[in-house]
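Trainee: Could we go through this one together? I'd like to know what stands behind each label we use.
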Amino acid sequence: MKAKKKNYGNGFVFPNKIESIILFLLKKHRKKFLFNQILGKYQIDFLLNNSKIIIEVNGDFWHCNPKQYEATYFHKTYKKFAKSIWNKDKKKILELKKLGYSVIVIWENDIRRNLQKIEKVIKKL
């Protein structure tokens with residue numbers, strides 16, 4: 001399945017702060033990638049060129065990082081419980097894996113606290 005670029009109407013897609021950090025590291029280590037693509041019915045953050053590796057950058061608030069939120073936390077913006085958000089993310093990952101992709105999930109908290117570890121992972125890709 002071929003990834004398609006998501007079009008937000010203005011033709012430009014800008015990374016958020018944590019995606020920008022990963023984008024910088026990918027460029028620093030000369031990794032070729034596509035940013036913010038549509039793959040099947042899913043939007044993916046980074047797809048490494050010439051491989052079947054996806055990097056998903058999960059914001060702690062938007063994806064209710066399990067290290068910070070209880071399953072019963074109610075996300076007022078999404079109007080869903082954290083457990084429901086986790087299940088949706090898990091389903092996405094499982095479906096992408098069924099399509100033959102490896103999926104690396106990087107949490108915002110890990111980027112902020114363990115950037116050197118994240119950089120080592122990216123360097124090895």
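Trainee: What volume does the largest pocket have?

Mentor: About 500 Å³. Keep in mind that this is a predicted model.

Trainee: Which residues sit closest to the centre of that largest pocket?

Mentor: Gln43, His63, Tyr78, Asp89 and Lys92, out of 18 residues that line the pocket. The elements giving two or more residues to the lining are H1, strand S3 (42-48), strand S4 (53-58) and helix H2 (82-98). H2 provides the largest share, four residues.

Trainee: How does the lining of the largest pocket divide by class?

Mentor: Into eight charged, six nonpolar and four polar residues. Take the residues closest to the centre: Asp89 and Lys92 are among them. Asp and Lys count as charged, whereas Tyr counts as nonpolar.

Trainee: And what makes something a cavity rather than a pocket?

Mentor: In a cavity a 1.4 Å probe fits but cannot get out, while a pocket is an open set of points. The structure holds one cavity of 30 Å³ or more, and the largest cavity has a volume of about 50 Å³.

Trainee: Which residues line the largest cavity?

Mentor: Glu56, Asn58, His63, Asp89, Lys92, Ile93 and Val105. S4 and H2 are the elements that give two or more residues to this lining, and H2 again has the largest share, here three residues. By class, the cavity lining has three charged, two polar and two nonpolar residues.

Trainee: What else describes the packing of H1 and H4?

Mentor: Their axes are 10 Å apart, and H1 passes H4 in a right-handed crossing.

Trainee: How do you know that H1 and H4 meet, and through which residues?

Mentor: Contact means heavy atoms within 4.5 Å. On the H1 side the residues are Ile21, Ile22, Leu25, Leu26 and Lys28, and they meet Leu115, Ile118, Glu119 and Ile122 in H4.

Trainee: What classes do the residues of that contact fall into?

Mentor: Seven are nonpolar, two are charged and none is polar.

Definitions and conventions
Residues numbered from 1 in each chain as written. Predicted model: local features only at pLDDT ≥ 70, side-chain atom pairs only at ≥ 80, totals over all residues. Heavy atoms only, no water. Axes fitted to C-alpha atoms, helices over the stretch in contact; angles between N-to-C directions. Left-handed = near helix turned anticlockwise from the far one by under 90°. 1 Å grid on protein atoms, 1.4 Å probe; cavity = no way out; pocket = protein on both sides within 12 Å on 5 of 7 lines; lining within 4 Å. Points joined across faces, edges and corners; volume = space filled by probe spheres on them.
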